[in-house]
Number of protein chains: 2
Amino acid sequence: MILLEVLKSLSNQTRLNILEWLKEPFAHFPEDELADYSPEFGVCVSDIAKKAGMSVPTVSVYLKTMMSANILIATRKDQWTYYKRNEEAIQELAQYIKVSL
Amino acid sequence: MILLEVLKSLSNQTRLNILEWLKEPFAHFPEDELADYSPEFGVCVSDIAKKAGMSVPTVSVYLKTMMSANILIATRKDQWTYYKRNEEAIQELAQYIKVSL
DNA sequence: TAGGTATTTAGGTAATTTCCTAAATTTGCA
DNA sequence: TGCAAATTTAGGAAATTACCTAAATACCTA
């Protein structure tokens, strides 16, 4: 884990929100958009962009940033890219801060 | 705790380094600079600036930023301002990430 | 192969952050 | 009172980040 990279990826309100939304997709995204939702894959880029009220390209880059930091996991499926949280990495971050920061 | 503010205050390599140095001052600062060191107060601005290899004003602002985020605690004593880590706030951050992020 | 949907990449402007030097302030002490 | 040391505040240049729109790419299906 590259701590600075992880912290940078989390130091933006929209990116923090995305992480929250992905924790409970059904509480944050319209049900019809989650018609084919599976916790294995997550939520696709355009649904997240719509929820964020930002352009798809901006959110695409945000998601990619968080994936590079290993906080999100991406899965390409047909023409969609689904993103979900990397719970292990988030716990690793918490543990690192607790014992090593 | 304002999560975004805390994360921003930590998303800079120099500020992360400062937090590390303050964890074990004797391992990171020259002994003579720590002549009157006390864990109750910490290390003064100019010693931290020297260690960082940056100007005093820059480091002064960095420290103030981290204090505003509640990650550091400042104590003014005569003409010196000493900074130490806020261990409770750091643990609170770790816990927040663990259970709520 | 053509056309449609989803995503990514490129390129640009505005805002923020990084870091400096100079000036102002705080505090101790002769 | 007035100088000296430590710090903070002000102001500015350069780099990075935050967003956008337009264009390119990926992948489906007819």
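# Legends for the close-up views

At 41% relative accessibility, B:Glu87 is classed as partly exposed (buried means under 20% relative accessible area, exposed over 50%, and partly exposed in between, using a 1.4 Å probe and protein chains only). This is a predicted model, where local features need pLDDT of at least 70, side-chain atom pairs count only at pLDDT 80 or more, and totals for chains, interfaces and linings use all residues. As for bookkeeping, residues are numbered from 1 along each chain as its sequence is written, chains are lettered from A and ligands numbered from 1 in the order in which they are written, and side-chain values use heavy atoms, leaving out hydrogens and water. Now for the pair itself: B:Glu87 makes a salt bridge with B:Arg85, and their closest N and O atoms sit 2.7 Å apart (a salt bridge here is a side-chain nitrogen of Lys or Arg within 4 Å of a carboxyl oxygen of Asp or Glu). B:Arg85 is the buried end of the pair, at a relative accessible area of 6%. Side chains of opposite charge can pair when their charged atoms come close.

**A:Arg85 with A:Glu87 in chain A.** Here a salt bridge joins A:Arg85 to A:Glu87, with 2.7 Å between the closest N and O atoms. A:Arg85 is buried, at 7% relative accessible area, while A:Glu87 comes out as partly exposed at 40%. Zoom out to all chains, and the structure has four salt bridges.

**B:Lys50 reaching B:Glu33.** These two side chains meet in a salt bridge, 3.0 Å from N to O. The pair ties together distant parts of the chain, 17 residues apart: B:Lys50 belongs to helix 4 (residues 45–52) of chain B, and B:Glu33 to the loop between helix 3 (25–28) and strand 1 (43–44) of chain B.

**The axis between the two copies.** Turn chain A by 180 degrees, with a shift of 0.0 Å along the axis, and it can be laid on chain B with an RMSD of 0.0 Å. The two copies are therefore related as by a two-fold rotation axis. The C-alpha of chain A nearest that axis belongs to A:Ala94, 2.3 Å from it. Both copies use the same surface, as 100% of the contact residues of chain A recur in chain B. (The superposition is by least squares on C-alpha atoms of residues with pLDDT of at least 70 in both copies.)

**Where chain A touches chain B.** The contact draws 21 residues from chain A and 21 residues from chain B (contact means heavy atoms within 4.5 Å). Together the chains bury about 1800 Å², with 67% of it on carbon and sulfur atoms; buried area is the accessible area (1.4 Å probe) lost when the two parts are put together, summed over both. What does turn up across the interface is eight residue pairs in polar contact, both residues at pLDDT 80 or more. (A polar contact is a pair of N or O atoms within 3.5 Å; within protein, one must be able to donate a hydrogen and the other to accept it, and residues adjacent in sequence count only if both atoms are side-chain atoms.) On the side of chain A that touches chain B, helix 1 (3–10), helix 2 (13–21) and helix 6 (87–99) of chain A each supply at least two residues. Helix 6 of chain A gives the largest share of that side, seven residues.

**A:Thr14 and its neighbours.** A:Thr14 lies in helix 2 of chain A and is buried, at 17% relative accessibility. Leaving aside residues up to four places away in sequence, A:Thr14 touches A:Ala52, A:Met54 and A:Tyr62.

Most residues other than glycine have a negative phi. A:Asn70 is not a glycine, yet its phi is positive at about 75 degrees. A:Asn70 sits in the loop between helix 5 (56–68) and strand 2 (72–77) of chain A and is partly exposed at 40% relative accessibility. A:Asp78 also has a positive phi, near 50 degrees. Its spot is the loop between strand 2 and strand 3 (80–85) of chain A, where A:Asp78 is exposed at 62% relative accessibility.

Definitions and conventions. Helices (H or I, at least four residues) and strands (E, at least two) are DSSP runs, numbered from the N terminus.
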